[in-house]
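How are two packed helices described? By the angle between their axes and the distance between the axes. Keep that in mind as you look at the model.

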Amino acid sequence: MPWVVLVLSAVLEAVWATALGRSEGLSVLAPSVVFVLGLAASMLTLGWVTRHIPISTAYAIWAGLGAAFTVTWSMLTGGEAVTVVRVLLLAGIVGSVVGLKLLKSGPAAGVEPGAEGEGAAADRAGAAAAAGATAGDGQRPPAG
């Protein structure tokens, strides 16, 4: 579910970015309202996602997909030319996002457990519980 919400958040990023462009510096009411609402919804959903996916991965995917959706929308509506190079570069962004999704996240070498935030700690605690780990086998018990 967090991955679906992350994609939705990236779509909302494209909505607010497009609305910002059409608001003429926030001087046109309707796109300005869409910008504010889209921005708020995008940030709220991204914030929720970071409780389940590490911020480094979530933000990279959010920014990459949001940019790709924004450019794709602009090409579909005639705002930007469709070129082979542009399509290949967008495919590269999407390929990178897929790669990040497929990677297993874990703490970096030299990072103490718990130093990377509550979301990652919850991920580790959930993984330990799923694997049947207990406090006696070297795993830290979940905080709480």
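A polar contact is a pair of N or O atoms within 3.5 Å. The model shown here is predicted. In it, the side chain of Thr 45 reaches the backbone oxygen of Ala 41 at 2.9 Å.

Where does Thr 45 sit? Thr 45 is found in helix H2, residues 29–49. Is Thr 45 buried or exposed? Its relative accessible area is 16%, so Thr 45 is buried, because buried means under 20%. Not counting residues up to four places away in sequence, Thr 45 touches Val 5, Ser 9 and Leu 12.

Now turn to the helix pairs. Helix H1 covers residues 2–22, and helix H3 covers residues 55–76.

| Pair | Axis distance | Angle |
|---|---|---|
| H1 and H2 | 8 Å apart | about 155 degrees |
| H1 and H3 | within 8 Å | roughly 50 degrees |

H1 and H2 are therefore roughly antiparallel to each other, because angles over 145 degrees count that way. H1 passes H2 in a left-handed crossing. Thr 45 of H2 takes part in this contact, and Val 5, Ser 9 and Leu 12 are among the H1 residues that make it. The residues of the contact of H1 with H2 divide into 16 nonpolar, four polar and two charged.

What about H1 and H3? Their axes cross at roughly 50 degrees, which makes H1 oblique to H3. The crossing of H1 and H3 is right-handed. Contact residues include Trp 3, Ser 9 and Trp 16 of H1, and Ile 61, Trp 62 and Phe 69 of H3. By type, the residues of the H1 and H3 contact are 16 nonpolar, five polar and two charged.

Key: Residues numbered from 1 in each chain as written. Predicted model: local features only at pLDDT ≥ 70, side-chain atom pairs only at ≥ 80, totals over all residues. Heavy atoms only, no water. Helix = DSSP H or I, 4+ residues; strand = E, 2+ residues; numbered from the N terminus. Buried < 20%, exposed > 50% of the residue type's maximum accessible area, 1.4 Å probe, protein only. Polar contact = N/O pair within 3.5 Å; in protein donor to acceptor, adjacent residues only side chain to side chain. Contact = heavy atoms within 4.5 Å. Axes fitted to C-alpha atoms, helices over the stretch in contact; angles between N-to-C directions. Parallel < 35°, antiparallel > 145°, perpendicular 65-115°, else oblique. Left-handed = near helix turned anticlockwise from the far one by under 90°. Nonpolar A, V, L, I, M, F, W, Y, C, P; charged D, E, K, R; others polar.
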